[in-house]
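Subject: Structure handover

Hello, here is the structure we talked about. Please open it alongside this note and follow the residues as you read.

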Amino acid sequence: KLGTVTMNVKEIVQELKKTYNIDSSRIFATGLASGAMFSYRLACEMSDTFAAIAPLAGVLLTDPCQPIQPVSLFHIHGLRDNAVPFAGGMGGLATGKIEFPSVDKSIATWVELDGCNGSPTIEKKDLLTHTIYSSCRAGTAVELYTHDALGNSWPSIYVFPAAQMIWDFFNSHPKQ
């Protein structure tokens, strides 16, 4: 059963499909902080619609998360994020203080949901660490970028080109 908010998103997507020539295999969501958590929710509740999500500085809060299809994940998180702490625990957004699960828990859940096998590949360059799970069901992938000095914000182009990286990931992970 879809929640009211995701039902509205489903209606918006259907309306856009009527007006524009949209490739249904290339519908994606991204967001920062609360928007990141919403992108996770969309993947949980509308996995038949979304091919991939790219949450930044947020975690999976939807419980239970039971997508009917695998959805690729590209997660970016700063290790100096005090609003949504990487290790989990008390943080706070505009809505007040809440207890967050760790990013590792969100990633582990998604690795399981997408049926990823094998150990991840981990690449470290300067302050950026890239963890890649590539052996996942239906051609999906789960990737995590962490940055040692990034807080709860969208990375500046001078830190790393997050928008381009997200687009490249989305472009290479359509729904099969």
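Pro174 is in contact with Ser25, Arg26 and Ala51, leaving aside its neighbours within four places in sequence. Contact here means heavy atoms within 4.5 Å. Pro174 sits in the segment after helix H4 (162–171). At 26% relative accessibility, Pro174 counts as partly exposed. The cut-offs are these: buried is under 20% relative accessible area, exposed is over 50%, and partly exposed is in between, with a 1.4 Å probe and protein chains only. Pro174 and Phe50 are 124 residues apart along the chain, yet their C-alpha atoms are separated by 8.9 Å.

A word on the source. This is a predicted model, in which local features need pLDDT of at least 70, side-chain atom pairs count only at pLDDT 80 or more, and totals for chains, interfaces and linings use all residues. Residues are numbered from 1 along each chain as its sequence is written, and side-chain values use heavy atoms, with hydrogens and water left out.

**Overall build**

The protein has 4 helices and 8 strands. Helices (H or I, at least four residues) and strands (E, at least two) are DSSP runs, numbered from the N terminus. Their order from the N terminus is α-β-α-β-β-β-β-α-β-β-β-α. The radius of gyration is 16 Å, close to the 16 Å that the globule rule gives for 176 residues, so the protein is as compact as a globular protein of that length. That radius is taken over C-alpha atoms, and the rule is 2.2 Å times the number of residues to the power 0.38. The C-alpha trace spans about 45 × 35 × 30 Å along its principal axes.

Of the 176 residues, 48% count as buried. Take the contacts between residues at least 6 apart in sequence: 55% of them join residues at least 24 apart. The accessible surface comes to about 9100 Å², and 53% of it belongs to carbon and sulfur atoms. Areas come from the Shrake-Rupley method with a 1.4 Å probe; for residues, only the protein chains shown count as cover.

On charge, there are 13 positive and 16 negative, and their mean positions are 4 Å apart. Lys and Arg count as positive, Asp and Glu as negative; His and the chain ends are not counted. Each charge is placed at NZ of Lys, CZ of Arg, CG of Asp or CD of Glu.

Val9 is in helix H1 (residues 4–19). Val9 is buried, with a relative accessible area of 15%. Not counting residues up to four places away in sequence, Val9 touches Phe38, Leu42, Met46 and Phe50.

Helix H2 covers residues 34–45, and its 12 residues should span 16 Å at 1.5 Å a residue; the end C-alpha atoms are 16 Å apart, which agrees. The expected span is 1.5 Å times one less than the number of residues.

Beyond its neighbours within four places in sequence, Val103 is in contact with Val59, His75, His77, Phe86 and Leu144. The C-alpha atoms of Val103 and Leu42 are separated by 18 Å.

Thr131 lies in strand E7 (residues 128–133). Thr131 counts as buried, at 13% relative accessibility. Its contacts, leaving aside neighbours within four places in sequence, are Pro120, Thr121, Ile122, Val142, Glu143 and Leu144.

Asp126 lies in the loop between strand E6 (121–125) and E7. Phi of Asp126 is near 55°, a positive value in a residue other than glycine. Asp126 is exposed, with a relative accessible area of 66%.

Ala138 is in the loop between E7 and strand E8 (142–147). Its phi is also positive, near 55°. Ala138 is partly exposed, at 43% relative accessible area.

**A cis proline**

Where is Pro64? Pro64 is in the loop between strand E2 (52–56) and strand E3 (72–78). The peptide bond from Asp63 to Pro64 is cis, with omega near 5°.
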